[in-house]
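Please read it alongside the sequence and the coordinates.

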Amino acid sequence: MTWPESVVPGGGGIHEPVPSRVYAALLGDAHTFAPDRSMAADLLAAEPEARYWARANRAFLSRAVRYALDAGARQILDIGCGLPATRGSLHEIAWRVDSQTRIGYVDIDPVAVAHARYLLEEDKRAVAVVADLRDPDTVVGHPELAAVLDWTQPIAVVLGAVLHFVSNSDDPTSILARLRDSVPDGSWLVISHASAPSAMTPEQVRVAREYSERTAPLTLRSRQQVTELLGVWGEVVEPGVCGVAFWRPEPGELDGPAEVEKASRIPGWVGVAVKGADAASAADLSGLDGGGRDVG
Ligand SMILES: C[S@@+](CC[C@H](N)C(=O)[O-])C[C@H]1O[C@@H](n2cnc3c(N)ncnc32)[C@H](O)[C@@H]1O
C-alpha cells in the first residue's frame with residue numbers, strides 16, 4: 001500500500017526517527033520514513049533479535065486482547081497504539097469476535113494517528129486521536145473518544161510497549177490510577193514493558209543510547225515494578241507478570257527448548273490486571289516464575 005501524501009500532516013516530524021515508526025520498521029512495516037528505517041537498521045545490526053522481540057510483543061497483545069474479549073470486553077482503548085496496520089491490529093482481532101466492539105486508538109505521534117484514521121475510514125465503531133498518556137486527562141476527557149467509548153461500561157485499556165516512554169518523574173502510578181478511576185469495575189489493564197537485557201555489548205549500549213537521544217528516553221523497569229504498576233488496577237490475572245512469550249502461549253508457540261530459551265531472552269515483562277479485584281493479591285504474584293528474567 002502506498003502512503004498518500006494527504007495523510008502526512010504538515011510534513012513535520014518525519015525527518016527524525018520516532019518510536020511508533022521505528023517500531024513499525026522493526027516489524028517490517030512499509031509505512032515508515034527513511035530516518036525510522038535507518039534507526040531500525042542500526043538496532044537490528046546491534047541486536048538481530050530485536051525484530052523477533054517486537055513480533056513477540058505484538059503476539060502477546062493479540063493474546064491478551066483475545067483474553068479480555070473472551071472475558072466479555074466489548075470496548076478497547078489502545079494508548080500508544082503505534083501504527084495499527086502492523087500485523088494483527090486490535091480492531092481486526094476484536095471485530096472477528098464481535099463486530100460491534102468499540103475501539104479507541106491513542107498515540108502521541110500525529111503521523112501514526114493520521115495513518116490509523118486513514119485505515120479506519122471513518123468507521124463509527126473506532127476512532128484514533130492524538131493525546132499524551134503522561135497527561136491522562138487529555139485521554140479521559142477527549143470528546144472524540146467519548147463519542148465511541150462508553151466510559152460507564154468496562155473497557156480493556158491496552159498499554160503496549162508505551163510505559164517505558166513514561167519516566168518516573170511523570171508518575172506512572174498516578175497516571176494508571178487516573179485511568180483506573182475513569183472506568184468501571186471489571187475493566188482490564190494490559191501492559192507490556194521493556195526491561196534491561198541481562199548483558200549488552202558496547203555496540204548495543206551505543207545504539208540504545210542513540211535511540212534514547214534521537215527518539216525518546218527509555219525508562220526500563222523490573223518485573224517487580226511492572227507488577228506494582230499493574231497492581232494499581234487490582235488483581236493480576238494468571239499467570240501473573242511474566243516474560244513476553246510466556247503469557248498464555250497458544251498451542252504450537254514456544255515449541256521445544258530452543259524456542260523457550262530464545263523467548264526467555266526477550267527483555268520485557270507483561271501482564272493483565274482487572275479493576276475491582278483485591279489489589280493486594282498483585283504483590284503475591286511477584287514470585288511466580290513466568291519465564292524471562294528479572295534484570296531491570
Ligand atoms: C513501541 S510503540 C508500541 C506500539 C503498540 N502499542 C505495540 O505494542 O505494538 C510505542 C508507541 O507509544 C507511543 N507513545 C510514546 N509516548 C507516548 C505518550 N506519552 N502518549 C501516547 N503515546 C505515546 C509512540 O508514539 C509509539 O507509537
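Which helices and strands each supply at least two residues of the shell around the ligand? They are α1, α3 (50-70) and β2 (102-107); helices (H or I, at least four residues) and strands (E, at least two) are DSSP runs, numbered from the N terminus.

1. Basis of the note. The model is predicted: local features need pLDDT of at least 70, side-chain atom pairs count only at pLDDT 80 or more, and totals for chains, interfaces and linings use all residues. Numbering starts from 1 along each chain, following the sequence as written.

2. Overall content. The protein has twelve helices and eight strands. Of its 296 residues, 46% count as buried, a residue being buried if 20 or more other C-beta atoms lie within 10 Å of its own, exposed if 12 or fewer, and partly exposed in between, with C-beta atoms placed from the backbone. Among contacts between residues at least 6 apart in sequence, 78% join residues at least 24 apart; two residues are in contact if their C-beta atoms, placed from the backbone, lie within 7 Å.

3. Ligand shell. The ligand is surrounded by 22 residues, of which S20, G80, G82, L133 and G160 are the closest; a residue is near a molecule or strand if its C-beta atom, placed from the backbone, lies within 6 Å of it. By class, twelve residues of this shell are nonpolar, five polar and five charged. Here Ala, Val, Leu, Ile, Met, Phe, Trp, Tyr, Cys and Pro count as nonpolar, Asp, Glu, Lys and Arg as charged, and the others, Gly among them, as polar.

4. R21 in α1. R21 belongs to helix α1 (residues 19-27). It counts as buried because 27 C-beta neighbours lie inside 10 Å. Leaving aside residues up to four places away in sequence, R21 touches T32, F33, D36, L83 and V111. The C-alpha atoms of R21 and V111 are separated by 8.9 Å, although the two residues are 90 apart along the chain.

5. Packing of α1 and α3. The axes of these helices come within 8 Å and cross at roughly 105 degrees; axes are lines fitted to C-alpha atoms, for helices over the stretch in contact, and angles run from 0 to 180 degrees between N-to-C directions. α1 and α3 are therefore roughly perpendicular, since that term covers 65 to 115 degrees, while angles under 35 count as roughly parallel, over 145 as roughly antiparallel and the rest as oblique. From α1, Y23, L26 and L27 meet A50, R51, A54, R55 and R58 of α3. This contact has five nonpolar, no polar and three charged residues.

6. Packing of α3 and α4. α3 also packs with helix α4 (residues 90-97), at an angle of about 35 degrees and with the axes 10 Å apart. On the α3 side are L61, S62, V65, R66 and L69, which meet L90, I93, A94 and V97 in α4. The contact has seven nonpolar, one polar and one charged residues.

7. Burial of α5. In helix α5 (residues 110-120), the buried residues are V111, A112, V113, A114, H115, A116 and L119. Their cover includes α1, β2 and β3 (126-130). After α5 comes E121, with a positive phi near 50 degrees.
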